[in-house]
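Please open the model in your viewer and keep the selection tool at hand. The tour goes from one selection to the next and says what is there at each stop.

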Amino acid sequence: MNRQAMTMDRRFFVGGLSAAALLAALPARAAKVKPGADAALIVVDVQNCFVTGGTLPVKGGEEVVPVINRIAGGFRNIVVTQDWHTPGHASFASSHSGKKPFETTKLAYGMQVLWPDHCVQGSDDAALHKDLKLPTAQLVIRKGYNKGVDSYSAFMEADGKTVTGLAGYLKARGIKTVFVTGLATDFCVSWTAQDARKAGFNVYVIEDATRAIDLNGSLAAAWKAMTAKGVKRIQSGDIEVA
Ligand code: VGL
Ligand code: ZN
């Protein structure tokens, strides 16, 4: 059947239906996700260091700010994180002679990507982005403050055993579901989302509220790992805000 004939057929078919039947025949629109009282929004590392002009800029990093500000209204519980390194931190390439940023090295706990010096405690670079408006946020978790250990995850340091206390905090407050946003999709967002699953939470990552570094295919690898662990990938438009 050619295209035109098909269109005609469809029109005749539709013409024979009642309004109710017509509605029922339409493809179902996916129901929006409504964050309940037992849900928390986690805003990862939306800091000057990770946006344009920062020490470890993520492409388009600042674009997550209005998206996060808008969806924040839909959450009773909001947790913000800050990457918060000591000067001379082990994750800085400058701390390892002969190493350059974005190379790797082996540390006591495993392979570590080496970064430019970034998000040093108390610096303007480590401050939250000035346009981030989260007046109802209840907790700020700082991470990566142990000089010899990195912490992409908001739950667990890179040694795989030192916890930040975030899982205990969320559980003590009856939180069952977390929505992860922020920077960077393939590092701190991904590790946070995966550890949240490990800690037993339902986990959504709101893709358009994140931006990635994408180092050697790390973004695709991160989505694969997150999906395998049961992290759900959604867009900010899928959330019922009001
Ligand atoms: C991050 C690299 C180094 C992040 C933090 O927030 O994703 N990435 N430190
Ligand atoms: Zn860092």
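Begin with the largest pocket of this predicted model, a space with a volume of about 250 Å³. Its lining consists of 13 residues, and if you select Met-111, Val-113, Tyr-152, Phe-187 and Trp-191 you will have picked out those that lie nearest the centre of the pocket. When the lining is sorted by class, nine residues are nonpolar, three are polar and one is charged.

Now select ligand 1, which takes up the space of the largest cavity. Which residues surround ligand 1? Show Asp-45, Phe-50, Leu-56, Asp-83, Trp-115, His-118, Tyr-152, Leu-183, Ala-184, Phe-187, Cys-188 and Ile-213, and you will see the shell around the ligand. By class, this shell around ligand 1 divides into nine nonpolar residues, one polar residue and two charged residues.

For the next stop, look at individual atoms. Select His-118 and find the polar side-chain atom that lies 3.1 Å from a nitrogen atom of ligand 1. Then turn to the backbone, where an N or O atom of Ala-184 lies 3.0 Å from an oxygen atom of ligand 1, and where a backbone N or O atom of Cys-188 likewise lies 3.0 Å from an oxygen atom of the ligand. Finally, show the surface of ligand 1: taken alone, the ligand exposes 260 Å², and the protein buries 100% of that area.

Terms used: Residues numbered from 1 in each chain as written. Chains lettered and ligands numbered in written order. Predicted model: local features only at pLDDT ≥ 70, side-chain atom pairs only at ≥ 80, totals over all residues. Heavy atoms only, no water. Near = heavy atom within 4 Å. Polar contact = N/O pair within 3.5 Å; in protein donor to acceptor, adjacent residues only side chain to side chain. Areas by Shrake-Rupley, 256 points an atom, 1.4 Å probe, with all protein chains shown as cover. 1 Å grid on protein atoms, 1.4 Å probe; cavity = no way out; pocket = protein on both sides within 12 Å on 5 of 7 lines; lining within 4 Å. Sits in = over half its atoms within 2 Å of the grid points. Nonpolar A, V, L, I, M, F, W, Y, C, P; charged D, E, K, R; others polar. Points joined across faces, edges and corners; volume = space filled by probe spheres on them.
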